[in-house]
Amino acid sequence: MSPEPTRRLKVAVDPVSAEDRRAIDDAAALVVAGRLVAFPTETVYGLGADATSDAAVARVYAAKGRPARNPLIVHASDPEQGLIVARADDRARVLAGLYWPGPLTMVMKRRADCRIADAATAGGPTVAVRVPALSAARALIRAAGVPMVGPSANRSGHVSPTTADHVLADLDGRIAAVLDAGPCPVGVESTVIDLSGPRVRVLRPGAITASMLRAALGADDLADPADGGDLPADDGLSALPSPGMLGSHYAPGHAVRLDATAPLPGRREVLLAYGPPPPGFAHVLQLSADARPREAARRLYALLRAADGFDVDGIAVAPLQVSPADPDGEILAALADRLGRAAAPRD
């Protein structure tokens, strides 16, 4: 791990300018040298390292304090680089054509000649891959010349980072550099789907919704989320099939209480409101004053971090009510997933 303060390298989101290129080339040189570089994506900031290097991947796990059984997502610069590491089928090619670059991670069976480090897949038979949407992220991967792992650039289990300041709050001095492109526009991690079986299974909801997947593949190809299917129960020891599946995750320091419609007697809480807030809370932070799901997703992690800064007994979250007429209503499934893990008993 790096003993010196982490370098902050400023880049634009889009397009990549000549000045941005110099910063990206500096960051890519660090990746090639086996160092760790946080980089912006449309979802959250990722902790980048050479995905083909066992030593570099090991440094990612050490910097984050991440359990070795929790695999990493491999980030590629384009669909061709992403699909070549896996046994991609027709479903994967259809989805890559529609949603790459973008916030979709596909878990597929590894190719026998896959160069990805075993540690990145937690030693399992599958590999999780995506192509990020931000030009700066793809430019970094191209400049490094290798696919890169990119788990969220924070300490394991903590609230995910959506700004470079969030990255530095957790990892300053533990990584070589952070590419700073400002706030992430989506704000929650990618949708993760499992394509290793006969039916596509959503392992983690995100901005690519179940309806979008059904439209692309057909309803019969998408497993019912309530059906456990052939996914083994988590025994707490074996490799997980995907990142983002630990019971306690995305957690601030304060305890989180969900579906809060009124303050608890004798407790001072920060309320994360969704729409008009009820009275009586010590502080109110607004996810979305007019209940817009994508705005709430974009603000979620920043507000969880802000709420942690108050001297209170806990964080309360208002009910995330879906309007039937809202085409973005399914995004709330991603927020509910993250908040449920943030509120879970701590591992």
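**Stop 1: α4 and α7**

α4 passes α7 in a right-handed crossing. This is a predicted model.

Now show side chains. From α4, pick Arg-91, Val-94, Leu-95, Leu-98 and Tyr-99. From α7, pick Met-212, Leu-213, Ala-216 and Leu-217. These residues make the contact. Colour them by class: eight are nonpolar, none is polar and one is charged.

**Stop 2: the cis bond**

Move on to Trp-100 and Pro-101. A cis peptide bond joins them, with omega at about -5 degrees. Pro-101 sits in the loop that runs between α4 and β5, the latter being residues 104-109.

**Stop 3: α5**

Select helix α5, residues 135-144. Is this helix enclosed or open? Eight of its ten residues are buried, so α5 is largely enclosed by the rest of the structure. The buried set is Ser-135, Ala-136, Ala-137, Arg-138, Ala-139, Leu-140, Ile-141 and Ala-144. Note that Arg-138 belongs to that buried set.

Next, show what surrounds α5. Its buried residues pack against these elements:

- helices α1 (18-32) and α3 (79-83)
- strands β2 (37-39) and β4 (73-75)
- strands β7 (148-149) and β8 (177-180)

Step just past the end of α5 to Gly-145. Its phi is positive, about 80 degrees.

**Stop 4: Arg-155**

Continue to Arg-155, in the loop between β7 and α6 (164-171). Its relative accessible area is 28%, so Arg-155 is partly exposed. Which residues does Arg-155 touch, leaving aside its neighbours within four places in sequence? Select Ala-63, Lys-64, Asp-170, Leu-171 and Arg-174. Then draw a C-alpha to C-alpha distance from Arg-155 to Arg-66. The two are 89 residues apart in sequence and 7.5 Å apart in space.

**Stop 5: α8 and α9**

Select helix α8, residues 293-308, and helix α9, residues 331-342. Their axes come within 9 Å and cross at roughly 25 degrees. That makes α8 roughly parallel to α9. The crossing is left-handed.

Show the contact side chains:

- from α8: Pro-293, Arg-294, Ala-296, Ala-297, Leu-300 and Tyr-301
- from α9: Ile-331, Leu-332, Leu-335, Arg-338 and Leu-339

By class, nine of these contact residues are nonpolar, none is polar and two are charged.

**Stop 6: the aromatic pair**

Keep Tyr-301 on screen. How many aromatic pairs does a search of the whole structure find? It finds one. The partners are Tyr-250 and Tyr-301, and their rings are stacked.

**Stop 7: Glu-330**

Go to Glu-330, in the loop between β14 (314-317) and α9. At 31% relative accessibility, Glu-330 counts as partly exposed. Leaving aside its neighbours within four places in sequence, Glu-330 is in contact with Thr-209, Ala-210 and Ser-211. Glu-330 and Cys-114 are 216 residues apart in sequence and 35 Å apart in space, C-alpha to C-alpha.

**Stop 8: positive phi outside glycine**

Finish with two backbone details. Select Asp-259, in the loop between β11 and β12 (269-274). Its phi is near 55 degrees, a positive value in a residue other than glycine. Asp-259 is exposed, with a relative accessible area of 55%.

Then select Ala-291, in the loop between β13 (283-288) and α8. Phi of Ala-291 is positive, near 55 degrees. Ala-291 is partly exposed, at a relative accessible area of 29%.

Technical notes: Residues are numbered from 1 along each chain as its sequence is written. This is a predicted model: local features need pLDDT of at least 70, side-chain atom pairs count only at pLDDT 80 or more; totals for chains, interfaces and linings use all residues. Side-chain values use heavy atoms; hydrogens and water are left out. Axes are lines fitted to C-alpha atoms, for helices over the stretch in contact, and angles run from 0 to 180 degrees between N-to-C directions. Helices (H or I, at least four residues) and strands (E, at least two) are DSSP runs, numbered from the N terminus. Angles under 35 degrees count as roughly parallel, over 145 as roughly antiparallel, 65 to 115 as roughly perpendicular and the rest as oblique. A crossing is left-handed if the near helix is turned anticlockwise from the far one by less than a right angle, and right-handed if clockwise. Contact means heavy atoms within 4.5 Å. Ala, Val, Leu, Ile, Met, Phe, Trp, Tyr, Cys and Pro count as nonpolar, Asp, Glu, Lys and Arg as charged, and the others, Gly among them, as polar. Rings of Phe, Tyr and Trp (its six-membered ring) pair if their centres lie within 6.5 Å; planes under 30 degrees apart count as stacked, over 60 as edge-to-face and the rest as tilted. Buried means under 20% relative accessible area, exposed over 50%, partly exposed in between (1.4 Å probe, protein chains only).
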